[in-house]
Amino acid sequence: MPAKFDLNDSSLVVIIGSGAGGGTLANELAQKGISAVVLEAGKRIEITDFRNDEDGMFALFTWLDPRTASGSWYVGQTSPDLPAWICKLVGGTTVHWGACALRFQEHEFKTRTRYGGIDGANLLDWPVDLREMEPYYDRAELKMGVTGRHGIPRLPVSNHGKVLFAGAKKMGYTQFMTTNMAINSVPRDGRASCQQTGFCVQGCTFGAKWSTLYTEIPRAEATGKTEVRPESQVLHIEHDKSGKVTGVVYADKTGAMQRQKARLVCVAGNAIETPRLLLNSSSSMFPQGLANSSGQVGRNYMKHMTSTVFAIFDKPVHMYRGTAQSGIVMDEARLDTKRGFVGGYQMELLPQGLPSFAQNIVPGAWGRDRASIIDNYVNIAGVWLIGEDLARETNRVTLHPNRKDQYGLPIPNVHVDDHPNDLAMQEHALARADALYKSIGAKRTVHHLPFPSTHNMGTCRMSENPRDGVVNRWGQTHDIKNLFVSDGSQFTSSGGENPTLTIVALAIRQAECIADQMSKSVI
Amino acid sequence: MKTLKRTRRLSRRGFLKGSAATVAAIAATHGSALAQEPHAPEPGELTPQEIRALVIFARDLFPHDRLDDSYYERAVEPLEDEAVKDGHTRQILVFGIGWLDGSAKRMAGAPYAEVVDEQKRIAVITRLREDQSAPAGFFEKVYNTTIVSLYNQPEVWPKFGYEGPSSAKGGYLHRGFNDLTWL
């Protein structure tokens, strides 16, 4: 039974957001007997509402509240009103994610030490390392049913994967396989196995893909310790004279303002909304925003180096058939500065349905050359290149100086100037993917530079020293003991891997810290 | 309302196909509701000539020989509807089409939709993209609307070999997700 809590109940944990971070945290706390209210800005829909419809699902679940972008990055030019493609619904971006569940590599937790000081970057070591994270990665993988781990079989290879792997083999690569996916390869945990539907990103109609919407959240509710309030957008976090947070003000589904009291508050609104909320919660005591004595709230925004290569063959591939992103080449993910950059990148399958492909390919171009690419749709294979981008203080989420949202609050602006390292990696990755496909007979390759960011990280980063970041090794803010950050905003570096598994592992770990500190009355 | 709209569409189609016989045939099949040709234009409605220019323009932007004009006619319908609802959009479209026609007459001796040589129409569009005095927002409006409304037609998908939604058919697990043998 879902709980129903009073607005004046000050014994509760308030969790803002219900995605990979917030949804997981709610369930982990509930299993420990800790009561929480989850305030989710978006609606609650169910699996039966999912459609194999790219544009329809985009409109249904995308976070479309106004945002702006600035800076020299490609997305700033091509998509200035939609810098990120993340979701606004119960389950958050876990409804939409491709489900690649990769661990960070050891060196990626220690970039300042391993990469050294790099001009124009603001590198810092995480206060945790891989060894400390491993048990939590294990638990996250077991929770999510990650294939290729803990004896769970891998998914079968699709046509699209066969093409990628044939090219990888020709290139002399050795680390290619169907990816560690949080998608059931066999029925598991009360959920069906993958039917190779091909619409992972539109919401899995079979529930084979892990999403907090139908795993963590109903399990949390079943304990009687969790209440999820959809269409409840938090506008401010409040604090008392001592600087401790006391609750939140949110707009409910009617637009009415409500004040929910709290013992502690965990913010998991993804790396744009989380810092925006802290900045919008400024007060006379905290004029720079909450938990911002370091000045780092909103800074060090990372979105990964990304690009896509589509290759045209003279025979059919049918890239849209099958698990969307289940195929990876990991050979370029290593740290090898002889390539001319620090960090590494993964090569992951990226199919698109005809409508998305035809709408996105060669943005702004028209005429017969562009149309000829689309005419070859069935013969096309696509690979997404996703690698580490470097933290920069000036890449940041700020409050817009004059544009306001529907509640009268400043909208966020996302500013990014690519670091030369990001561009060097991008150039390398595009050339390698071109060579991979050409090695098996591609007639032509077409580059697609970044789409709106689906990976958003770093804007409330972890640091050992409170001067360098916003949260400590548990995601607890340095400045305010009973305020936590529970999403990818905590990331000190971006790694070259999809972030969700690490977000889930951190949430499991954070729940232990919260339970411990509550039991000792530290918070 | 629906009937009215359908009437409008069908009558327009009849005109666009340039065949009085088509209109008569449709009217005969569908009964008296359609026997009111030509209908009085709704306020704000684009003229058949303007619609024809948009159809040719959409094809020139996204030219697929495998698609007949009916797909492009459907692709410009959202523009027609918006023109009726929103005077600003109508103005952008009418000015833009006027510019296309004027330029086509100067450059190729005929209104845009009547220029048979595709290369000459492309020259007009290239000019539209480069000329600072061309009406602002017209290209973007047509491009951004029809790139969605053309490729989102499920009837278009099989023309490109795309099989589309699969959940209702049990996914692609037993329908060829791994049938590739040419490698």
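How exposed is A:Glu231, counted by other C-beta atoms within 10 Å? A:Glu231 is partly exposed, because 19 other C-beta atoms lie within 10 Å. Here a residue is buried if 20 or more other C-beta atoms lie within 10 Å of its own, exposed if 12 or fewer, and partly exposed in between, with C-beta atoms placed from the backbone. The model is predicted, so local features need pLDDT of at least 70 and side-chain atom pairs count only at pLDDT 80 or more, while totals for chains, interfaces and linings use all residues. Residues are numbered from 1 along each chain as its sequence is written, and chains are lettered from A and ligands numbered from 1 in the order in which they are written.

A:Glu231 sits in the loop between strand 5 and strand 6 (233-239) of chain A. Helices (H or I, at least four residues) and strands (E, at least two) are DSSP runs, numbered from the N terminus. The phi angle of A:Glu231 is near 50°, a positive value in a residue other than glycine. A:Asp189 also has a positive phi, near 60°, and is not glycine. Its place is the loop between strand 4 (176-177) and helix 7 (216-222) of chain A. A:Asp189 counts as exposed, because it has 11 C-beta neighbours inside 10 Å.

Strand 2 (residues 36-39) of chain A has a partner in strand 1 (residues 13-16) of chain A. Two strands pair if DSSP finds at least two bridges between them. Strands 1 and 2 of chain A run parallel and are joined by four bridges. A:Ile15 stands opposite A:Val38 of strand 2. Strand 5 (residues 226-229) of chain A is also parallel to strand 2, again over four bridges. There, A:Val37 has A:Glu227 as its bridge partner. A:Ala36 and A:Val38 point one way from strand 2, and A:Val37 and A:Leu39 point the other way. All four are buried. Strand 1, helix 1 (residues 20-31) and strand 2 of chain A form a right-handed β-α-β unit. Right-handed means that, with the strands pointing away from the viewer, the path from the first strand over the helix to the second runs clockwise.

An open sheet of three strands in chain A has the order 6-7-8, with antiparallel pairing. Its edge strands are strand 6 and strand 8 (257-261) of chain A, each pairing on one side only. Neighbouring strands of this sheet are turned by 25° against each other on average, direction ignored. Axes are lines fitted to C-alpha atoms, for helices over the stretch in contact, and angles run from 0 to 180 degrees between N-to-C directions. Six bridges link strand 6 to strand 7 (residues 245-251) of chain A. A:Gln233 stands opposite A:Ala251 of strand 7.

An open sheet of six strands in chain A is also antiparallel, in the order 4-11-12-13-10-16. Strand 4 and strand 16 (444-448) of chain A each have a single partner strand, so one side of each is left without a neighbour in the sheet. Strand 10 (residues 305-312) pairs with strand 16 of chain A over five bridges. A:Phe310 is opposite A:Val446 in strand 16. Helix 6 of chain A lies across strand 4, strand 11 (328-329), strand 12 (345-349) and strand 13 (380-387) of chain A, at about 65° to strand 13.

Helix 8 (residues 270-280) of chain A is mostly covered, with eleven of its eleven residues buried. Its buried residues pack against several strands of chain A, including strand 1, strand 6 and strand 9 (264-267).

Two residues are in contact if their C-beta atoms, placed from the backbone, lie within 7 Å. By this rule, 35 residues of chain A are in contact with 28 residues of chain B. Helix 6 (159-170), helix 9 (354-360) and helix 10 (368-375) of chain A each give two or more residues to the side that touches chain B.

The secondary structure of chain B comes to seven helices and zero strands. Buried residues make up 29% of its 183 residues. Among contacts in chain B between residues at least 6 apart in sequence, 63% join residues at least 24 apart. B:Ala58 touches B:Tyr72, B:Ala75, B:Val76, B:Val142, B:Thr146 and B:Leu150, not counting residues up to four places away in sequence.
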